[in-house]
Amino acid sequence: SLASADALAGEHLAKLKRLVDRVEPALVSEHLCWGGVGGLHFNDLLPFPYTAPALALLADRIDHVQGTLKRRILLENLSAYVECRHSEMTETAFLAELARRTGCGLLLDVNNLYVNAINFGFDPVARLNDLDPDSIGQMHLAGHTVVDDCLIDTHGSPVSDPVWALYEQACRRFGPRPTLIEWDTDLPVLDVLLSQAAQAEAIAQREVAHA
């Protein structure tokens, strides 16, 4: 809950540090969002206004987290279903500035970017240009659900063709990055998951050859 109005949960961060020290993972990431306030936890990844005060708050908190963990973390863009009307910049511009100020990396969720592009009416390829290739540490792909008035990030179906196309553009801009297929519900047989991973690998390698 990095973007919460509450203070950082010190006990939780201490537990995370002990886990990181024990496991020594290759990457540690967190969504750029909030999920609790006033002692209540909402069990969701919630957006916030992308403003200068929020940027200053998040930069301080990320510095604190990275200093505590003694490592660079990755921040992930989230899927959202409302926007704050007084935002002063886009989510990707906000992420890029946080990376510049703090030295953190970015985890680009390509499906989340596409879902938001459809829900809020912007060009997702143009948003890729906000991000510094050197900041991208990982990418995510997933399926979404189409409902009457929006897309919902459900992680319960194959990656859609438009998301594959956006992933290709991302690989072209940033180069290949470690990529995770997220599939959380209605799990298919293993061969389906492996074919999705193989498709991601093929796109990345094709862009290497293209470059």
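This is a predicted model: local features need pLDDT of at least 70, side-chain atom pairs count only at pLDDT 80 or more; totals for chains, interfaces and linings use all residues.

**The largest pocket**

- The largest pocket has a volume of about 580 Å³.
- Its lining is made up of 27 residues, and Ser1, Leu2, Ala9, His12 and Glu30 are the ones nearest the centre of the pocket.
- Two or more lining residues come from each of these elements: helix H1 (10–23), strand S1 (29–31), strand S2 (34–37), strand S3 (40–46) and helix H2 (52–69).
- Strand S3 contributes the most to this lining, with 5 residues.
- By type, the residues lining the largest pocket are 15 nonpolar, 9 polar and 3 charged.

**The cavity**

- Searching the whole structure turns up 1 cavity of 30 Å³ or more.
- The space inside the largest cavity comes to about 50 Å³.
- Around the largest cavity you will find Leu75, Asn77, Thr92, Leu95, Leu106, Leu107, Leu108, Leu131 and Ile136.
- Helix H3 (91–102) and strand S5 (105–109) are the elements that supply two or more residues to this lining.
- Strand S5 has the largest share of the cavity lining, 3 residues.
- The cavity lining holds 7 nonpolar residues and 2 polar ones, with no charged residue.

**Helix H6**

- Helix H6 runs over residues 161–174, and its 14 residues should span 20 Å at 1.5 Å a residue; the C-alpha atoms at its ends are 20 Å apart, so the two values agree.
- Which residues of H6 are buried? They are Val163, Trp164, Leu166, Tyr167, Ala170, Cys171 and Phe174.
- After H6 comes Gly175, which has a positive phi, near 85°.

**Gln196 in helix H7**

- Gln196 sits in helix H7, which covers residues 190–210.
- Is Gln196 buried or exposed? Gln196 counts as buried because its relative accessibility is 7%, and buried means under 20%.
- Setting aside neighbours within four places in sequence, Gln196 is in contact with Pro158, Val159, Trp164, Ile181 and Trp183.

Note on methods: Residues are numbered from 1 along each chain as its sequence is written. Side-chain values use heavy atoms; hydrogens and water are left out. On a 1 Å grid over the protein atoms alone, a cavity is a set of points where a 1.4 Å probe fits but cannot get out, and a pocket is an open set with protein on both sides within 12 Å along at least five of seven lines; lining residues have an atom within 4 Å of a point. Grid points are joined across faces, edges and corners, and a volume is the space filled by probe spheres set on the points. Helices (H or I, at least four residues) and strands (E, at least two) are DSSP runs, numbered from the N terminus. Ala, Val, Leu, Ile, Met, Phe, Trp, Tyr, Cys and Pro count as nonpolar, Asp, Glu, Lys and Arg as charged, and the others, Gly among them, as polar. Buried means under 20% relative accessible area, exposed over 50%, partly exposed in between (1.4 Å probe, protein chains only). Contact means heavy atoms within 4.5 Å. The expected span of a helix is 1.5 Å times one less than its number of residues.
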